[in-house]
Structure formats: structure tokens, C-alpha cells
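Please read it alongside the model.

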Amino acid sequence: MRDGLRIARLFGIDIRLDWSWLLIFALITLNLSAVFAQQQPEWSLALRWSLAIGTSVLFFASVLVHELAHSLTAVGQGIKVRNITLFLFGGVSNIQRQPESPGSEFLITIVGPVSSIILGVMFLVLAGLPGIMTDPMGTIETLGPAATVFSLLGSVNLVLGVFNLIPGFPLDGGRLLRSGLWAATGDLTRATRWASWVGQGIAWLLIAAGVAMIFGIQIPFFGTGFINGLWLVFIGWFLSSASRRSYQQVVIEDMLEDVPVSRLMRGSPPTVSPDITLDELVDGYIMSSSDRSFPVLENGVLIGLIALSDVREYARSEWPTTRVRQAMTPREALDTVDPNEDAAEALQKLVRRDLRQLPVQEGEQFVGLLRRQDIVKWLQLQSDGGQPQFA
Ligand SMILES: [Zn+2]
């Protein structure tokens, strides 16, 4: 998933909004204002809308608390957190790497649902109505505006906490299951594979239940109806692909673990001088090789990278007079890797920034170029050989 729009920074962690979040925010707000209009006809239009918007904002704040619980625990375990992104299905904490032990994964995971459940109970207490849990919508008519908002948030947080405990990897419940399997087998890849199977099984059950609901069949807990059914199919489909993807990611990280960048990089790639023109670059380098980008070196020091896409920024007529120095991406704007770095981490950098290659720097010395295609070749070699990871 893309990183989305950055809206805040809390405890050193970027909080981002994916565009799909706007859609779900609008849907929830619209839906709430319709419910309020039906149940509380005496409320003014302004009151209904401000309560609907306020409830949606507090709902997403609750999701954020859930994710912050995961992220801050991860930080406490010495794992860096890249960001928290809110999107269509709630929130996701993008943590830098897999936890080191089953215990650590268990801890990082369990705090999410637990904080949702605590929030849920808190909101219900604020609403002053523990009895609301049995029928949140039915009792709304008897509540004031604040109690209405709190009771809705209370039940939603409880549902959030409980839904996340479904053992479908990569949901929290699936991660808890994986940490258990991991502790039992001592094998993270195998544990992930099993947890991913359970996750896909559950995803297909959700899809089947959703389809049944679309055709008017009553499903316990989920109810019935076209929209609810469609939503459930959607969640099931998302869970199924997320579960497959997380497994692939673990397998890839497994294959790249302990493989240093220096082993996969291109050792002495063709480099160019900053003083040649784009014309000379195109004729002398780009057209005569299959390379699409070239490190720019001045006195043996890396000062930038020039790629085909940089050249395209200039009109053909400007090529003879434009120097590589003007057109290149300068060193300050480049991400680099160390030759001793794990290839798994380098791949994450490539994917996160959507890059084709990374210059490899040992201290201040340029030593090579790590291209995405080199990593892909390595992965193909590993999997074609029938490595045990795929057994
Ligand atoms: Zn969670």
C-alpha cells in the first residue's frame, strides 16, 4: 500500500491518511446522520451533522489508539515503526521488520485489541449505560446527544477489539495464532504459512457468508441484506489477499535474510561524468547498453544518479546544451545502501520509495549499484532450485 497523506506526527511516528480513508469517513458520517435523523427527529440538522462528524472523528481516533498501542509496544521492543496509515478497513502500523521472538510478537499484537476493548468499556461507562451493549441502536431514542455518541463509540470499539481477534492472519488474532505456532515449531516461515492458510479459510467463510447475505439469508451476528453482505465480501476478499501477501513477504525476507547487498549488487557499473551533455549520455551510454540509469561520479565520488526519466524531462533540442550535472538527481536526494546491509532491508527501501536501483556506498566510497532486477534474479534462483522454504 502507498504511504498516503501525512497528517501528523505522534511519539515520533508519522500518521498518514490513505485516500480510501476519505471514502469510508464520508460513508460512516452519512450513515450516522441518517440513523440520527430516523431515531432523533427532534434534533436540528446542524446538531445531527456535527454529532455524525464528531462520532466519525472519534471513531478514527479510536482506531489510531489501537494502532499506537501496537506501534509504541514495537518501539519498546527495539523495532522501528515507519508509520501508521488509516485506510478503508481501519488502520495499519507499518513496522520495520518482523519481531525477533514469538513472545515479542505476542506482546506487540495483544495490546491492540486490548486497548480497543478498554476504550469500548470506557465509552460505555461515559454513556452511563452498560445495558447499551445488548441493543445499541434500539435504545438511542432515550439518550441525549453526548450519551448517543459515547454509546455508539463504545460498541464500535468493542466490535473492533473482538473482530481483530479473529484468527485470520494478518489480523491481530492471526498474529497471535502465528506467535503460538512459532513458539511451538520454532519456525517462523512454517508458522506464517499455517496462519496464512487459516486466514484464507476464514476469508472465504466471510465471503461465503457475505454472498449468502446478499441473497437474503440471515447469518448469525452479521444479519442480512445487500449492503452488509457486499461489505462482508469486500472484507473477506481484502483479508484473503492480505494474508497471501504477508506470507509471500515472510518467504522473501527469509530468502534474503543474511544475504549482504554486496553479494547481489553490480560491482563496477558504468558511470558517467557530470560534465558530459545529455546528447553524449544518450549516444554514448543509454543507446549502447541496456542500462537505464547511471551513477554520476566526480573525482571518484558519487555526486548523483542520472536516469532515462531525467533525460525525458528535457526537450530533444536542449540535449546538446544540457549537462548531466543539471539533469541528474543530486546525491542529497538519493537513498543509498551499505554493502554489508541485509538485502531484505535494501529491498524494502526499493519498494517503499518505488525505486529501480540504489547506489551502494561504503562510507564515502561508491562501490556499486543494487538494482531491483538483481534481487528478483536471486529470488528466482532460490525458488527454481526447490529450496526448502517452498516445500
Ligand atoms: Zn491491531
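## Overall fold

The protein contains 13 helices and nine strands, where helices (H or I, at least four residues) and strands (E, at least two) are DSSP runs numbered from the N terminus. This is a predicted model, in which local features need pLDDT of at least 70, side-chain atom pairs count only at pLDDT 80 or more, and totals for chains, interfaces and linings use all residues. Residues are numbered from 1 along each chain as its sequence is written.

The C-alpha trace spans about 80 × 50 × 45 Å along its principal axes. Of the 391 residues, 34% are buried, meaning that 20 or more other C-beta atoms, placed from the backbone, lie within 10 Å of the residue's own.

## Helix H4

Helix H4 covers residues 145-163, and its end C-alpha atoms are 27 Å apart.

Buried residues of H4 include Val149, Phe150, Leu152, Leu153 and Asn157. The buried residues of H4 pack against helix H2 (45-76) and helix H3 (102-127); contact here requires C-beta atoms, placed from the backbone, within 7 Å.

## Helices H5 and H6

The axes of H5 (residues 172-185) and H6 (residues 188-214) come within 8 Å and cross at roughly 145 degrees. Axes are lines fitted to C-alpha atoms, for helices over the stretch in contact, with angles from 0 to 180 degrees between N-to-C directions.

Among the residues making this contact are Leu177, Leu181 and Trp182 of H5 and Trp194, Ala195 and Val198 of H6.

How values were computed:
Buried ≥ 20, exposed ≤ 12 C-beta atoms within 10 Å, placed from the backbone. Contact = placed C-beta atoms within 7 Å. Expected span 1.5 Å × (residues − 1).
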